[in-house]
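Welcome, and please open your viewer before reading on. We will go from stop to stop, selecting a few residues each time.

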Amino acid sequence: MKQSALVLLMLVAALGLCRCAGPPAGVARAPAATATAIAWVGGPVHPEAGPVLSALYAPGAQNSVAWLPDGTFWNGDFEIALFDGSDSLLRFGPREYVSGGFPIARASAASRGDRFEVSAFMPWRGADVDSLGWALITVTLQPRTGPPDRTAATPSLRLAARSGGARWHFLDGRCSADDTFRYVVKGRSLSRNGRQIAYISGANIAPGAHRLKNTQPGIPSTSYGGWMASAPARNPESVLEWRIWIAPVGGVTGRDRPPGESSSTLDLLARTVRAWRSEMAFGATYEVPDANAQRVLLAARSLLVGTRARGGGRLRFPGSPFQYRDYFLRDGARVVRALDLLGRPELARTAVENLFEFQWPSGVILSQRGQLDGTGQALWALEQHAALAGDASLVRALLPAALAATGWIRLQLRTTSAHGGPAAGLLPYSDPRDNENLRAHLLGSDAWALAGMEGVLRMADPGGGSPATDSLRAAAVEYRARLLEVFDREANRQGRPLPPSIEPGARDWGNWSASYPCEIVEATDTRAIALDRFARRRFYRDGLPSIGAEGVLNCYLGFDLAQAALRRNERAAVLADLNSAVRHTQPDGSGLEIVTREQPDYLGDLPPHTTFAAMFTDLVRSALVYERGDSLVLLGGVPVSWLERTRTPIRVAGAPTRLGPVEFTLERVDEGALELHATLPAPALVLLPNSLVLAGVTSRDGGPAASLTSPHGFTLPRGKGVWTIRLLPAVRTGGRSR
Amino acid sequence: MSRQGPTTRAKSPRANAPRKPGPRRHKAGRSWLLALALVLLVVAGAVGLRIRAEQGRRPEPVARDVALKRGLLAVARGDDLEAEAWFRRGLASFPRDPLLQINLSTALNNKCFRVHPRRGVPMPVLATSLERFRVAQESLRLYRTIEAGLPRGIGLPHDRAQLFDTWGMPLDAMEDYLRAQAIGDTTRACRDAIARISMLQSVTDGSAALRSVGRE
C-alpha cells in the first residue's frame with residue numbers, strides 16, 4: 001500500500017506541477033532578491049494633476065484596485081470603505097509610496113483622538129503566473145498615547161461595502177450584472193449576492209461583530225451595506241489591526257481564501273517589494289539626476305511591466321488598470337516600443353503577438369470599429385521590435401501576416417483611386433469614435449499606414465533593392481507622394497499645417513504623429529515646424545495640449561511634437577514639455593490621459609495610463625539618446641541642471657537602439673569638466689546645452705579622439721572609452737538652459 | 001497489545017535481514033496492481049465527470065421552427081444573447097440549417113456592439129475588444145460555412161457587407177454590397193448602403209453627406 005500511496009502522491013504532484021510550473025517559456029524569471037529594507041517616500045502633490053489616486057496592481061494579476069481620493073477602495077465592481085466608530089469615512093493625509101516606483105501605498109487618518117495607519121498593495125511573489133489579484137489593505141489603529149482618558153469613546157473601526165456611487169466609480173466590463181444587492185457578513189467574510197467580496201483577518205475582530213444595517217436584499221448601488229465593526233478594544237492602549245483582502249471583480253466563492261492569507265502583512269510586503277525590485281532591475285537602466293523626472297520614469301516602467309495580466313495561460317497588456325482594461329492597437333503599439341526601450345524584449349514580443357491577434361481574414365488589423373490606423377500601428381510596432389530587439393524569429397513568423405496587412409492597405413488605396421475624388425489614393429473615410437470626434441478621411445490613419453508599409457519593407461528587404469519587394473516599394477513611394485500632396489492641398493484649403501482630416505471639423509490627433517514616429521515628413525521639414533508652432537499657439541494651455549472641451553488637457557498627445565522638436569535641437573521646447581508632463585503627474589509619478597481643473601474627477605478617466613507611460617519613457621530615452629541615420633545623438637534633450645556638480649550622474653545602461661545597445665555615464669567632476677564613460681555601438685554626436693561651451697574633449701584612456709563640431713557638440717567614434725569634456729570658464733557660471 | 005507471550009521473547013528483526021524472495025515479490029506485485037487500479041479508477045472518474053459536464057453543457061434539443069421563432073422574437077426585442085442561445089439550440093439538433101446559421105451569425109455580430117445598462121451605466125455586452133473580435137470572426141466563419149453549402153453563384157454578400165459596415169470598413173463592405181447587387185439583391189437597404197458609402201467617400205464634408213443620406 002505504501003507504494004500505491006507513493007504513486008498517487010507522485011500523480012498528484014505531477015498534476016500540480018503541470019498546472020503551476022512557474023512562468024512559461026519566454027517569460028524571464030526574476031532573479032532572487034536579497035535586501036528588503038523598505039523606504040517610504042511622499043511625492044509632490046501637483047494640484048494640476050487632480051486629486052490623489054493610488055493604483056494597486058501586480059504583474060500577472062487580472063484585477064486592480066484604485067485607492068480613491070476619498071479614501072475608499074474601488075475595483076470596478078465594488079467599494080470597500082473604512083469608517084471610524086461614529087460612521088464617519090476615514091479621511092487620509094498625504095500618501096507615501098515605497099521608493100522605486102512600486103504600486104504600494106500608505107497613509108494615515110486621524111479621527112476622534114485615534115490614529116489609523118493604512119497600507120495598501122497587491123501581494124505578489126514575482127513572475128507573472130495566473131492570478132486573480134486580491135488587494136490587501138492593512139489598517140492599524142495606533143494605541144493612544146498620554147494619560148488614559150476615561151471619557152473618550154472606545155476606539156473602533158468599521159467597514160462597509162457598496163457597488164457604485166459617486167465619481168471615480170468606473171465600471172469594469174466583467175462586473176456583476178446585478179443592479180441591487182444584498183450584503184451578508186459571515187464570520188470573517190463579507191459577501192454580496194452570494195459571492196465573497198472581502199475577507200478580513202487580524203486579531204481584533206470578534207465573530208459576528210457586524211451591525212445589523214442594510215442586510216436586506218435590494219440595496220441600490222449607491223448605498224453601503226455589509227457593515228462590520230471591530231470588537232471593542234479591551235484596552236485603549238492596545239493595537240488593533242485589520243487585514244482586509246479585497247476580492248477580484250465579480251467576487252469569489254465563499255470558500256476561497258486569498259493566497260498568503262496566513263502570512264503577516266510585513267512578510268507579504270517584504271516579499272512583494274523584493275519581487276518588484278527584481279522586476280524593475282531587469283532590462284535597460286535610465287537614470288536622470290532630476291528626482292521628479294526619475295520618479296515619473298520609474299512609475300512609467302512599473303506600469304508598463306506591471307499591468308500585464310495572465311489569463312488562460314496567455315499574457316496580455318491592457319490599456320490601463322482601470323476603465324481601459326481592454327486592448328487597443330492605438331495604445332498597444334506605443335507599449336511595444338516602450339517595452340523594447342526598457343530592455344524587456346520578451347514582454348514586447350508578446351505584446352506584438354497580441355496586436356496581430358486582431359488580424360481579419362482580409363489582412364486588416366482592427367481592434368476597435370472604425371480605427372483604421374490600427375493596421376499601420378501593428379506593422380510599425382512589429383518593425384520597432386524587430387529593429388530594437390533583433391527578434392528575427394518573430395519577424396519570420398509574422399512577416400506573412402504583415403504582408404497580408406500591406407495587401408489590405410494597397411487594396412484600399414487602389415479602390416479609392418478608382419473611385420476618385422479628393423481622397424483618391426488614400427484610406428477610406430472612417431469613424432474611430434475616439435478623440436478625432438468626426439467621421440472623416442483622417443490623414444493620421446494614412447500616416448500610420450504608410451509608416452507600417454515602410455516598416456514591412458525594411459523587414460522584408462533589409463538590404464533594400466530586392467526585386468521581390470519592388471511592387472511594395474513602388475506602392476509605398478506612390479502612397480507617400482499622394483499623402484504629402486493631400487496634406488499640402490488641405491493645408492492650403494484649410495489654412496493650417498498638416499490638418500487632421502480632409503473634411504473640416506476633426507480634432508487634431510493622428511496628424512501630430514506625421515513627423516514622429518511616422519516619419520512622413522522630417523522634423524526639420526517646414527510642415528512639421530509649422531504644425532509645431534500652430535499647435536502650441538492654438539491648443540496649448542498650462543504646457544499641455546487641449547484639443548477637446550475647453551480646459552481639458554491631454555497629458556500625452558504632445559509627446560510626438562516634443563520628439564520632433566528634439567530632433568530639430570529645440571531643447572527649450574522639449575524641456576518645457578517634459579516639465580509640464582512631470583508637473584501633471586500624481587505623487588507616485590503616475591501619468592494621466594486627461595486632466596481638468598474644473599472637474600477633478602478626471603472625467604472618469606482615472607490615472608495611471610499606459611500610453612502616457614510609454615510615450616514619457618520614449619521621450620526621456622530620446623532626450624538621453626536617439627538614432628539619427630547610422631549614428632546616435634546623445635544628450636540632445638537634457639537640461640543644464642542635470643549636469644550640475646551636485647547632481648547624481650546621468651546613467652544609461654543596456655539601452656537598446658537600432659544600432660545596438662548603448663551604455664554611458666556622464667558626471668560633473670569639477671566646475672570646468674564633465675567625464676563621460678561610454679560604450680557606443682555606432683558613432684555618436686554629443687550635444688550639450690547651449691549654455692555650456694566646449695573648451696575641448698580629450699580621451700582619458702588613450703582611446704579614440706573626439707572631434708568638436710560646434711561650440712556645444714562633438715562626435716565620438718564607435719567603441720568604448722572615457723572622455724574628459726572641458727568647458728570654457730566664462731560660460732560655466734551661466735544659468736540654466738531654460 | 002503485543003501478541004507475544006510474556007515468556008517467549010521475540011527476536012527483533014535485523015535492519016539488514018535478507019529478504020525472502022517469493023512471497024514478498026508477490027505482495028509487491030499486488031500493491032502495484034492495486035495502485036494501477038486506483039489510478040484507472042481516478043482517470044475513469046475524471047473522464048466520466050467530463051462527459052457528464054459536456055452533456056450538461058449541451059443544449060436541450062428543440063424543434064427547428066421553435067428555435068427560429070423564439071430566436072427571431074428575441075432579436076426583435078434586441079436581446080441578442082437570448083437570440084444566440086435559441087439559434088445555438090436549434091443548430092445543436094439541425095447543424096446544417098442555413099437559416100439558423102445566418103440568424104446566429106447576425107445575432108453574433110449584433111452582440112459585438114450591443115450595450116446594456118448596468119447600475120444605470122451603458123456597458124458593452126462583450127467586455128473587451130478581443131472578445132468582440134473573436135465573436136465577429138465566428139460570425140464571418142459561419143457565413144463561409146453557409147456559402148460552402150449553397151449552389152454556385154449564390155452567397156451571402158449582403159450579410160457580410162453589413163458586418164464590415166458595422167465594423168467601420170466601408171470599402172470591404174462596399175465590395176460585398178456590389179456583389180450582392182450583382183447576384184440579384186434589389187433591396188433598398190443594399191442600394192442605400194452603396195449610396196451612403198459612395199457619398200461619404202466622394203464629398204469633402206462627411207457630415208453633410210451623412211445628413212443627405214439620412215433624409216433619403
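How many residues of chain B are in contact with chain A, and how many of chain A with chain B? Color the two chains separately and look at where they meet: 32 residues of chain B contact 45 residues of chain A. On the chain B side, H1, S2, H5, H7, H8 and H9 each supply at least two residues. Select H1(B), residues 21-57, to see the element that gives the most, with 6 residues. By type, the chain B side divides into 18 nonpolar, 10 polar and 4 charged residues. Keep in mind throughout that this is a predicted model.

**Stop two: a bent helix**

Next, select residues 392-419 of chain A, which form helix H7. This helix has 28 residues and reaches 39 Å from its first C-alpha to its last, close to the 40 Å expected. Zoom in on A:Leu398, where H7(A) bends by about 50 degrees. A proline, A:Pro400, follows within four residues.

Now show the side chains of the helix. Its buried residues include A:Leu398, A:Ala402, A:Trp408 and A:Leu413. Which helices do the buried residues of H7(A) pack against? In chain A they are H5 (345-356), H6 (374-389), H8 (443-460) and H9 (470-494). From chain B, H7 (170-182) and H8 (188-202) join them. Just after H7(A), click on A:Gly420, which takes a positive phi of about 80 degrees.

**Stop three: the nonpolar core**

The largest nonpolar core has 246 residues. Among those with the most contacts inside this core are A:Ala135, A:Leu450 and A:Phe616. Select A:Phe616 and look for A:Val296, A:Ala300, A:Phe559, A:Ala581 and A:Gly591, which A:Phe616 touches.

**Stop four: a histidine in a loop**

Move to A:His169, in the loop between strands S10 (157-162) and S11 (180-181) of chain A. Is this residue buried or exposed? A:His169 counts as buried because it has 25 C-beta neighbours inside 10 Å, and 20 or more are needed. Leaving aside neighbours within four places in sequence, its contacts are A:Trp74, A:Glu79 and A:Gly164.

**Last stop: confidence**

Finally, color chain A by pLDDT. The average is 90, and 89% of the residues score at least 70. Residues 6-35 have a pLDDT below 50, and this stretch has 29 contacts in the model beyond near neighbours in sequence. Residues 731-738 of chain A are also below 50, with 24 such contacts.

Definitions and conventions. Residues are numbered from 1 along each chain as its sequence is written. Chains are lettered from A and ligands numbered from 1 in the order in which they are written. The expected span of a helix is 1.5 Å times one less than its number of residues. The bend at a residue is the angle between axes fitted to the seven residues ending there and the seven starting there. A residue is buried if 20 or more other C-beta atoms lie within 10 Å of its own, exposed if 12 or fewer, and partly exposed in between; C-beta atoms are placed from the backbone. Two residues are in contact if their C-beta atoms, placed from the backbone, lie within 7 Å. A nonpolar core is a set of buried Ala, Val, Leu, Ile, Met, Phe, Trp, Tyr and Cys residues joined through C-beta atoms within 7 Å. Ala, Val, Leu, Ile, Met, Phe, Trp, Tyr, Cys and Pro count as nonpolar, Asp, Glu, Lys and Arg as charged, and the others, Gly among them, as polar. pLDDT is the predictor's confidence in each residue, from 0 to 100.
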